[in-house]
Amino acid sequence: MIRISGPATRELVRRMTGALPRNRTPTTTALALPAGSLPVSVCYFEGPRSYTGEDVAEVQLPGNPLLVERVLKAMAAVPFVRPARPGEFTARAFLNGKLPLEEAEAIAAKINAETDDQLHAAAALASGETGRVYAAWTERAATLLALVEAGIDFTDQEDVIAIAPEELSDRLRRLIDDIEDYLGGPHAAEVESAVPTVALIGAPNAGKSTLFNALLGRARAVTSPEPGTTRDVIAETLDLSGEVPGGGPVVLLDLAGLDADLASRGPLEALGQSAALSAAAGADACVWCDPTGMFDTAGLPAGLTIGERFIRVRTFGDRPGPAEGLCVCALDGWNLRVLKHAIADAAFGGVGASLACLLPRHRAALRNAVGALRSALASAGSSQRLGLPEVTAEHLRDALLPLGELTGRIDPDEIIGRVFATFCVGK
């Protein structure tokens with residue numbers, strides 16, 4: 001299907017089919033091409049009742065890539081017609097008020113989803129569920145700002161207290177806790193500031209270094225059929241953000257093959273085994289490479305505990321073997337993208353309504369809001385009157401700015417209205 005949108009849609013359809021079909025009625029017709037005609041089905045949607053809010057036409061034709069290419073070329077030859085840029089149809093829908101921003105973002109999230117959890121998170125964004133959560137936090141912050149500003153307006157009347165400092169502090173703490181829980185806990189920012197480490201572990205010659213190079217996209221580690229080639233811990237940054245929505249950089253570690261017999265060969269091999277075991281134990285996630293697909297724990301050192309952070313990968317996927325674990329081939333790149341998603345899930349704590357799956361724009365806005373709310377809490381005071389109400393109000397405004405990026409701006413008149421909606425001075 002080829003979709004057309006914009007003011008030239010009517011003229012393009014008339015020129016290529018000879019007539020404009022009835023609005024919202026699929027019509028079988030012939031498309032005029034330089035080499036002849038092509039039978040197609042055309043459905044015309046008159047703006048603004050269309051996906052983009054503009055005149056739109058959808059042309060259904062046989063799924064032959066050569067035919068599609070020729071039709072696109074013929075359409076682009078018409079004056080004022082050009083190929084759409086990536087995401088342009090959804091961008092036009094947003095700019096014309098047909099889609100809110102979160103639904104536009106949800107479309108991109110659905111396209112890039114690789115797991116059920118990511119798809120569910122995108123569906124929650126599209127349905128407005130995520131937006132309702134943001135709107136509830138915005139409502140709470142705006143109400144607190146209204147009460148603080150009301151207290152400033154009535155400072156000359158001792159019997160009017162819009163909100164007591166203790167109540168303000170309590171409500172601020174609960175709001176901060178709710179947002180931080182959504183971000184992944186109170187230490188989410190601290191955890192994310194340290195880039196997660198992911199170790200490639202396994203027996204010697206299990207394909208770790210070859211996989212290491214393939215994930216990085218360049219030859220960084222030396223590969224050889226000789227056991228014990230890798231002795232040091234080789235660390236390189238692997239940025240997953242380009243392929244994994246909500247992902248980020250991780251430090252990828254290529255370790256010496258874990259084998260007790262190698263440790264007995266000499267001090268260098270013993271140091272390599274010790275360094276590998278220490279790095280694996282301290283890693284946020286481990287990719288367990290095993291070309292046999294058996295994943296026998298007897299081959300691992302006793303001090304290494306297998307858990308949820310271990311990703312079982314059968315290397316040498318071009319060779320026949322059992323289907324246990326994720327089968328990959330570092331030579332032709334088979335399933336490397338799936339492995340990158342699995343690494344992101346393990347390193348960043350999984351997906352869903354958590355720090356790792358939030359869109360980067362949402363994550364940054366929520367962090368900024370939490371920082372401003374914490375500043376408001378610090379200035380709230382603990383006596384009968386607010387300590388620094390003007391400063392507290394300013395911090396609350398600072399919190400509403402990033403929240404407004406997610407839900408829409410809070411109008412000053414709205415704040416004034418909330419003053420009279422939440423309490424009455426009775427005078």
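Which residues form a nonpolar patch on the surface? They are Phe-94, Leu-95 and Leu-101, and together they have about 280 Å² of accessible area. Keep in mind that this is a predicted model.

**The surface patch**
- Phe-94 sits in helix α3, which covers residues 88-95.
- Phe-94 counts as partly exposed because its relative accessibility is 34%, and the cut-offs for that class are 20% and 50%.

**The sheet and its helix**
- Six strands make up an open, mixed sheet, and the order is β6-β7-β5-β8-β9-β10.
- At the edges you'll find β6 (234-239) and β10 (326-327), each pairing on one side only.
- Strands β5 (residues 197-202) and β7 (residues 249-254) run parallel to each other, with four bridges between them.
- In that pair, Leu-200 stands opposite Asp-254 of β7.
- Helix α12 (residues 336-347) lies across β5, β7, β8 (285-289), β9 (310-314) and β10, at about 165° to β9.

- Most peptide bonds are trans, and most residues other than glycine have a negative phi.
- Gly-47 and Pro-48 are joined by a cis peptide bond, with omega at about 5°; Pro-48 is in the loop between β3 (36-45) and β4 (56-60).
- Arg-24 has a positive phi, near 60°, and lies in the loop between α1 (9-17) and β2 (27-33).
- Asn-205 also isn't a glycine, yet its phi is positive at about 60°; its loop runs between β5 and α9 (208-216).
- Arg-24 counts as partly exposed, with 37% relative accessibility, and Asn-205 is partly exposed at 37%.

How values were computed
Residues are numbered from 1 along each chain as its sequence is written. This is a predicted model: local features need pLDDT of at least 70, side-chain atom pairs count only at pLDDT 80 or more; totals for chains, interfaces and linings use all residues. Side-chain values use heavy atoms; hydrogens and water are left out. Two strands pair if DSSP finds at least two bridges between them. Helices (H or I, at least four residues) and strands (E, at least two) are DSSP runs, numbered from the N terminus. Contact means heavy atoms within 4.5 Å. Axes are lines fitted to C-alpha atoms, for helices over the stretch in contact, and angles run from 0 to 180 degrees between N-to-C directions. Patches are made of residues with over 30% relative accessible area and no salt bridge: like charges are joined within 9 Å, nonpolar side chains (Val, Leu, Ile, Met, Phe, Trp, Tyr) within 5 Å. Accessible areas come from the Shrake-Rupley method with a 1.4 Å probe; for residues, only the protein chains shown count as cover. A salt bridge is a side-chain nitrogen of Lys or Arg within 4 Å of a carboxyl oxygen of Asp or Glu. Buried means under 20% relative accessible area, exposed over 50%, partly exposed in between (1.4 Å probe, protein chains only).
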